[in-house]
Structures are given as structure tokens and as C-alpha cells.
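Thank you all for coming; I would like to walk through one structure with you this morning, slowly and piece by piece.

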Amino acid sequence: MTATLQILFDALSLGSLYALGALGIALIFGVMRLVNFAHGDYIAFSVFVLLWPTTEAVSILLLGQLPPILLIPVVIAIGALLSMASEVTVFRRLREANPATMMIASFALGFVIKHALLMAYSSRPKSISILPGLAQQVEVMGARIPLLQVVTILATIVILLALTAFLKRTRFGLEMRAAAQDFTMARMLGVKANRVILLAFAISGALAGAIGLVVVVQTGTADINMGLSVMLVAFIATVIGGLGSLYGAVVAGFLIGGASVLMQVILPLEARPFRDAFVYALVIAVLIWRPQGLFAPRSSRQRV
Amino acid sequence: MSLLAVENLVVRYGQLTALRGVSLHVEEGETLFVTGPNGAGKSTLLKAIAGVVRPAEGRIRLAGADITGNAPETTARLGFSMVPEGRQVFPELTIEENLWLGVGIRRNRAAAAADLDHIYAVFPMLRERRHAAAGILSGGQQQMLVIARALMTAPRLVAIDEPSLGLAPKIIDQVYELLMRLRAERQLTLLIVEQSSTRALMTGGRLVLLRSGQIVLEGACDALDGATLERAYFGYDGPAEVTAS
Ligand SMILES: Nc1ncnc2c1ncn2[C@@H]1O[C@H](COP(=O)(O)OP(=O)(O)O)[C@@H](O)[C@H]1O
Ligand SMILES: [Mg+2]
């Protein structure tokens, strides 16, 4: 029972990270058909601002010194600002370009951010300890669960509920959903393209900041490539969920998180190091079964 | 001053010139039909006015303001409401959300709510299903929804591209009946694109005939006779060809 609970919390907390990442990618894809490969570097950037920029091996806290009540919103805001800045300086100028051009630009932007971090911090991973309170374990129905997992899961639930309310209940949300289905028609009804897209980037970047916080607390290191694996899985989740479907992206994020944790448990010991091979084989199987994804939106099917 | 004035509009898609110097005007309160065969450039004309395609040459003025090359949202905010070809409903939004989307550009939300009531009175079918996804509606119902949605922006001019496209004759009659009722009740100014001029002759107003990106004929609907229209439509040069066929 306690083992099952531990597996469940592992699966949900890993799934949470993937779901938030997938949501960040799906939001941008929805409004401008851009797969933003710089997303992982937003995650890394949000983490490195916690540290003083130095190429020495030492790690000195910069924003990491802030009390948690400031630290969390500031890091999330920095993710949002970086994401908005990349829209204004790069993607806005490429809006008429074809999707491949935009995707390449996002790769390039990711490299620019990554190498800027390399210049400022060197490539050595740095140990970093923030929000130490989250390291303790709590007892949930007899099982010892890391507090961080509980907080991650709860925060994800709150974020998902808030985002759903935002999308369903506010005018911005309505405009964003309409733009994701047919941007030109939305604009002909007066929906301001720049505003909707900037907002999508802001939310996406804020999610990247939140992911960065969770990963850094979990691993205790700041690593230039720390966003990469989350970003890749998140990207796969958006495809499995059905490109353009926010709901699908979240569900697929949790499914992949769950599958990874489950494989770790049920695979024979010798096969565990190759867990990802099994997870991705499952991904391929799902895509062969449903190439359009699990929850392909009606509008994008019509577009083809 | 005309509500809409288009002067010498030229639109190119790469090598292809879709509009070759089109000029027309729409007066406050009137209905102008733009007719012409498939590929004549009718949709291109509306798209250029709406700001969806950028003209190579020419000027477009709405109530005196130059809107040439404006972004679609800017033109919409100045009072030009477009109902594009093929009924672009947002299939996953509810019917009411579809209608409410265009209200973002209005200051007076109370007036918008009153308009919604009026639209529901004219289209009871939309009220009944207002919380259903718009994608479930039939073609005719979607056509009514997009017309209603355009009206929710409180436009000065509504442009509708082929409202009869793909609909059964009986449904087309219904769409036009409701459109004419709205025109009377709300003093609408309309710019309607249709392939055939039959509907225009039945509905009244003014008509321009577009062929190969040029206006080849224009006049008041009740002053045009079918034979002249037909010759202009098919581009016969003289009666010899007509009798030969
Ligand atoms: N996006 C486009 N790219 C290239 N050519 C186009 C495009 N849209 C329309 N055309 C061409 O422009 C001409 C006019 O098209 P259109 O305005 O759609 O005509 P209509 O609405 O009168 O049928 C046609 O020859 C059509 O093939
Ligand atoms: Mg057309």
C-alpha cells in the first residue's frame, strides 16, 4: 500500500512537470503554430538567475537569497519576461514566415540563451540549495513522501484550475481559444493578434519558470541543460495529446510521467537503465495507432 | 462621403493579378452586390478591404479614414465586419461564445447585451442551443451564426462572402429572409458577394459585376436586365456568339 502510494506520488509529480511543460509548448503552438524549442532554455535561464553570474566553480546565491514568498513569483515573472522578450524581438518579426523558419529561429534563440548562460556561468553544473523546507518528508496515509512532490502536485492542480478558469471565464481566455482555432477570423472580429500572442508567451514562460523552480529544488543543481529533457518530453506530449489541444497536452504529460515511473517499477532490473527506450517505444505505438494524437482538435483537422 | 470607397485596387498573388484596378463605393444604408464567376476576384476584394491580403496598389477608405494595408483587427475596430466564405465558425466554442467574441471591440456592454437579445429573437434556434459547440450546427445554421456574430460587433458595414455557398435552395431562402429582416430592423449597410446575380435582382440594391479582376458592369438591380447581365457575365463580345451557342 505505502509502496503503491509512493509510486503514485512519483508518477504524479513527474507527470506534473511534463504536463506544465507540454502546456507551455501547446499554448504557443495554439496561437501561432510555432513549436518553441527555446522553451527548455527559458527553464534553465529561470534557474540561473538564482545564482550570481561567475565562471568560477563557486556558487553564490543571487535571487536565490530572496525569501520564498518573493523568490517564487520573481522567478516565475522572469520566465514570463524572457518569453515575452523573445516574442517581441524574434518571433513577432517572423509571424508571416512558414512554420519551419520559425522553428529554426526558436532553435537558434535557444542556443543564444544557452551560450549566454555558458559565458556568464561556465558549463560546470553548480550546486544550489533554495527553499530547503521542501526537502523534508511528510507522511501521507502511512507513506513517507517528499514534501516537494506534494507541493509540486498541489501547485500543478492550482495552476491547471486557474488556467482553465482563465480560458473559460475571461475575455482574454475566450480570445485566446478563438485565436487558437482560427486566428484570421478572430482578428476580423477585432481580436488583437499581438496582445493574444504576447499573453500566450507570458503564460508559457511563467510555466517554464515554475518548472525551473521544481527541478532545481529536486536536483539541487543548476545545469545549463536542465530544461532540455523536460522540454523534449513536453514536446512529445503535445504531439501525443494532439497538437493544438491544451487538454490533450496535459493528459499526455501525465501519461508519459506515469509510464516512465511505472516502467521503472515493473521492468526487470537489468532493463531499467533502458527505461526510456521502452517509454519511447510506447510513444511510437501510440502515434502509429493515432497519428493525429489522442485529442486532436476539430479545427486543426479541418485545416488539413 | 461614401461609407466605403475603393479606388483602383490592385491585388497580386505572386505572378497572378487577381484584381486589376477595381473602384467601387458603398453608401450608408445601401446594399451592394458584387457578383461574378468563380475566380473573378470577389473574395480577394473582400479580403483586401478586411486587411487579410495586402493590395499592391490603390486606396481603401472607410468613412473617410484610409484603411489600406491595415491589420484586420484595426479595420474591424473601425466598423467593417467580415463574414468570410465558407462559414468560419469557431467549432469548439459555444454558440454564445462565438457571438460574444466580437463584442470585445465595443465599449457599451449593455447595448451589446441588448443586441444579443435581438439576435436571439431573430434566430431562436441560436438561443436554444447557445451552450452547445458551434461545430454541431448544420451549414445553414452556421451561416446564420456567422452573420449574427458579425452583427454583434455593431458594425457600420457588413461584408458577406457567398452566404449561399453549399446550401440547399430552401435554406438559402431562409438565410436571405433573415438577412433582409435584419437589414430592415437594424438599417444595415451590406456588401454581399454572390456568384450568381439572380439573388441580387430579387433582393434589390446596387450590383457590380466582376470578371477577371475587373468591373465589367454596374448599376441598380432594378435597372439591369437579365440579357445584358448574362452577356457581361460570360464575356460574350457580341450577339453573333450568343446565337452560335
Ligand atoms: N491565396 C491565394 N494564392 C494564390 N492565388 C490565389 C489565392 N487566392 C485566390 N487566388 C487566385 O486569385 C483569383 C481570384 O480568386 P478569388 O478572389 O477567390 O475569386 P472568387 O472569390 O471570385 O471566386 C483566382 O484565380 C484564384 O485562383
Ligand atoms: Mg470566392
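Predicted model: local features only at pLDDT ≥ 70, side-chain atom pairs only at ≥ 80, totals over all residues.

**Val47(A) and its surroundings**

Let me begin with Val47(A), which, once its neighbours within four places in sequence are set aside, is in contact with Gly212(A), Val216(A), Ala222(A) and Met226(A). Val47(A) belongs to helix α2 of chain A, and because its relative accessibility is 1%, under the 20% limit, Val47(A) counts as buried.

Helix α2 of chain A, residues 39–48, packs against helix α9 of chain A, residues 226–241, at an angle of about 145 degrees and with the axes 7 Å apart. Which residues make this contact? On the α2(A) side they are His39(A), Gly40(A), Ile43(A), Ala44(A) and Val47(A), and on the α9(A) side they are Met226(A), Gly227(A), Val230(A) and Met231(A). If we sort the residues of this contact by class, we find six nonpolar and three polar ones, with no charged residues. As for its handedness, the crossing of α2(A) and α9(A) is right-handed.

Let us move on to the two chains together. Chain B and chain A bury about 2200 Å² between them, and 61% of that area lies on carbon and sulfur atoms. The contact draws 27 residues from chain B and 22 residues from chain A. On the chain B side, Glu73(B), Glu92(B) and Leu101(B) supply 27% of the area buried against chain A, which is more than any other three residues.

Chain B also takes us to the magnesium ion, ligand 2, which is coordinated by Ser43(B) through OG and by Glu85(B) through OE, at 2.0 to 2.4 Å. These two residues are 42 residues apart, with Ser43(B) in helix α1 of chain B and Glu85(B) in the loop between β6 and α3 of chain B. Are they buried or exposed? Ser43(B) is buried, because its relative accessible area is 14%, whereas Glu85(B), at 30%, counts as partly exposed.

Finally, please look at Ser164(B), in the loop between β7 and α7 of chain B. At 17% relative accessibility Ser164(B) counts as buried, and, leaving out residues up to four places away in sequence, Ser164(B) touches Ile172(B) and Glu194(B).

Note on methods
Residues numbered from 1 in each chain as written. Chains lettered and ligands numbered in written order. Heavy atoms only, no water. Donors = N, O, S within 2.8 Å, 3.2 Å for Na, K, Ca; no water. Helix = DSSP H or I, 4+ residues; strand = E, 2+ residues; numbered from the N terminus. Buried < 20%, exposed > 50% of the residue type's maximum accessible area, 1.4 Å probe, protein only. Axes fitted to C-alpha atoms, helices over the stretch in contact; angles between N-to-C directions. Left-handed = near helix turned anticlockwise from the far one by under 90°. Contact = heavy atoms within 4.5 Å. Nonpolar A, V, L, I, M, F, W, Y, C, P; charged D, E, K, R; others polar. Buried area = accessible area lost by both parts, 1.4 Å probe.
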